[in-house]
Amino acid sequence: MIAEVPIMALYEQLTENHNQFLESLHHRFLDGDRKSALQKFENIGFPTKKDEEYKYTNLKEITEKNYNFFPKEGHNITKEQLDELHLGEEHFDWIVFINGKLHKELSRVSIENVEFLSFNYALNDEKHKEVFDQYFNTLTPEDSAFTNLNTAYCKYGFFLKVPKNVVIEKPIHVFYLSQNQEENTFYNTRNLLIVEEGAKVEVIESHHNFDETYTFTNSVTEIFTYPNAKADWHKLQNDNDTSYLIDSTFAKQEKDSLTTVNTFSFGGKLVRNNLDFIHNGQNINSFMNGITIIGKEQLVDHHTAVHHNQPNCESYQNYKGIYKDNAHGVFNGKVFVDKIAQKTNAYQQNNNVLLSEGATIDTKPQLEIFADDVKCSHGCTVGQLNEDALFYLRARGISKKEAQALLLYAFANDAMQNIDIEPLKEKISKLLAEKLEVDIEF
C-alpha cells in the first residue's frame, strides 16, 4: 500500500510567512487572536478526503501550489472593465477592492448615518475596537482550518454596521478584484455585517481574477441580524478557471428577523461554500437558495447547516444544480432541531440535472430532530431532462438545443424567486441564458 503524500507546500508557506505578515500590519490589537488562530490551524492542518466533510472534495490542487502572500498593489483595471461587471447598477452603491486594497476612486458610497468602512480601516480605528471585541470571530468554529487561517491572515474586506431602524434603500455591491499578479496569489478576505434592530440592508459580493496566474481566496463572512431586522447577502460566483474560492459564511439571527443568503455559482475552478445559520430567538425566517451551472473540470461544493435552537422558526433551502462535461457537484445540507425548538418548519431540497456522462453529483440532505412538534422535509433528485416536455417543445418547432435550454432555465429559475433586487435578478437570468446558450427575452 502506497502511503498518501502529505500536503505540505502551502502549509509550510503559511507558517513561515506569518511573522512577516504581522509586521506589515498598522494595528496590533488582534495579534494574540491571530497567533492563536495560526496555532489552531497548525494543529488541524488542511482537510483531506479522509475527513467526512471533505470526502467528495479534493483540495490538493489548491494546497500543493506556491502562493504570494503580499500581492502587488499596482493595477491597470479600467472603468470600462469595471462597468462590464456591474449589474445595471446606476442606483446602487458599490465598494471596490483591487489586490486586497480598497480603491475609493472606483467606489461609490452615498449612504448616510451608517458606519461604512473597509475592514482594514476599522481595524486601525480605535473607536471600533469595542465592536470587534463584541462581534469579530464569535461565530466561527474552533475546529475549522479555513476560518482559523483567515483569522490569522485577514487584512482586507468589508465592514458595515447598520444602526437601529436605518433602512438602506440602495443595494451595496462589494467587488474583490485581482490583477497584475505575476505569481499565484493568496487572499484572505473578511466581511463583518451587523444589522441592528429594525434595520435593513442588501449586499452583493463577487470575486474576479483578471490574470492567468491562480488566485486562492479564503473568505469568511459573519452576519448579525437583530430583532425585526432584514439582511440579504447575495454571492455571485462567476470567476475564471484560474480561481479557487473557499467561502465560509455564518449568520446569527435574533427574534423576528429575516436573513437570506443566495449563492449563484457559475465560474471558478474549485468553489467550496460553507454556510451556517444560527437561530437565537423565536419567529425567525432563514432563506438559503443556490443555483449552480458548471462544466469542464469545475467543482462546486455546497455545505449548509441550520441550527434551530428556539421554537416557532422557519428555514428554507432550495438548491438547483446543472452539470455538464466532467463537472462535479456536491451538496450536503443539514438541519438541526433542538429539543426546545417546537413548531419548527424546515424545508430543504436539492435538485440536479446531469447533461453529460462525465458529470457527477454527490448529494446528502440531512435532518437531526430532537423536538416532536415540527414540520421538516428534505429531499434530492438527480436525473436528466423530462423527455415528454422535450418532445412537447420540439413538436412546436423549437430546436432540440433550444428546448433543452428552456427547460433547464425553468428548472433553475425558481431558486431566485425571493431576490428583491431586479437588476440582480435580471443579471442572474442573463447568466443562466448565457451558460445554457439560449436567447431569452427579459
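Helices here are DSSP runs of H or I with at least four residues, numbered from the N terminus. I keep that in hand for H10 below. I am working on a predicted model.

**Entry 1: helix H10**

I looked up H10 and found it at residues 422-436. I checked its length against the rule of 1.5 Å a residue. Its 15 residues should span 21 Å, and the end C-alpha atoms lie 21 Å apart, so the two agree. Next I asked what follows the helix.

Which residues of H10 are buried? I noted Leu424, Ile428, Ser429, Leu431, Leu432, Ala433 and Leu436. I then looked for what covers them. The cover includes strands E8 (200-209) and E10 (230-238), along with E12, E14 and E16. Helix H9 (400-413) is also part of that cover.

**Entry 2: strand E14**

E14 turned up in the cover of H10, and I followed it up. The strand takes in residues 285-294. Eight of its 10 residues are buried, so the rest of the structure largely encloses it.

I traced its partners. Strand E12 (residues 258-267) runs parallel to E14, and eight bridges join them. Across that pairing, threonine 259 is opposite serine 286 of E14. Strand E16 (residues 314-323) also pairs with E14 in the parallel sense, over 10 bridges. There I picked out asparagine 289, whose bridge partner in E16 is asparagine 318.

**Entry 3: asparagine 352**

I found asparagine 352 in strand E18, residues 345-354. Is asparagine 352 buried or exposed? Its relative accessible area is 3%. The cut-off for buried is under 20%, so asparagine 352 counts as buried.

What does its side chain touch by polar contact? I found the side chain of asparagine 350, at 2.9 Å. I then set aside neighbours within four places in sequence and listed the other contacts of asparagine 352. They are Gly321, Tyr323, Ile361, Thr363, Thr381, Val382, Gly383 and Phe411.

**Entry 4: helices H2 and H7**

Last, I looked at H2 (residues 31-44) against H7 (residues 145-153). Their axes come within 7 Å and cross at roughly 150°. The crossing is left-handed. From H2, the contact uses Asp33, Arg34, Ala37, Leu38, Lys40, Phe41 and Ile44. From H7, Ala145, Asn148, Leu149, Thr151, Ala152 and Tyr153 take part.

How values were computed
Residues numbered from 1 in each chain as written. Predicted model: local features only at pLDDT ≥ 70, side-chain atom pairs only at ≥ 80, totals over all residues. Heavy atoms only, no water. Buried < 20%, exposed > 50% of the residue type's maximum accessible area, 1.4 Å probe, protein only. Helix = DSSP H or I, 4+ residues; strand = E, 2+ residues; numbered from the N terminus. Pairing = 2+ DSSP bridges. Expected span 1.5 Å × (residues − 1). Contact = heavy atoms within 4.5 Å. Polar contact = N/O pair within 3.5 Å; in protein donor to acceptor, adjacent residues only side chain to side chain. Axes fitted to C-alpha atoms, helices over the stretch in contact; angles between N-to-C directions. Left-handed = near helix turned anticlockwise from the far one by under 90°.
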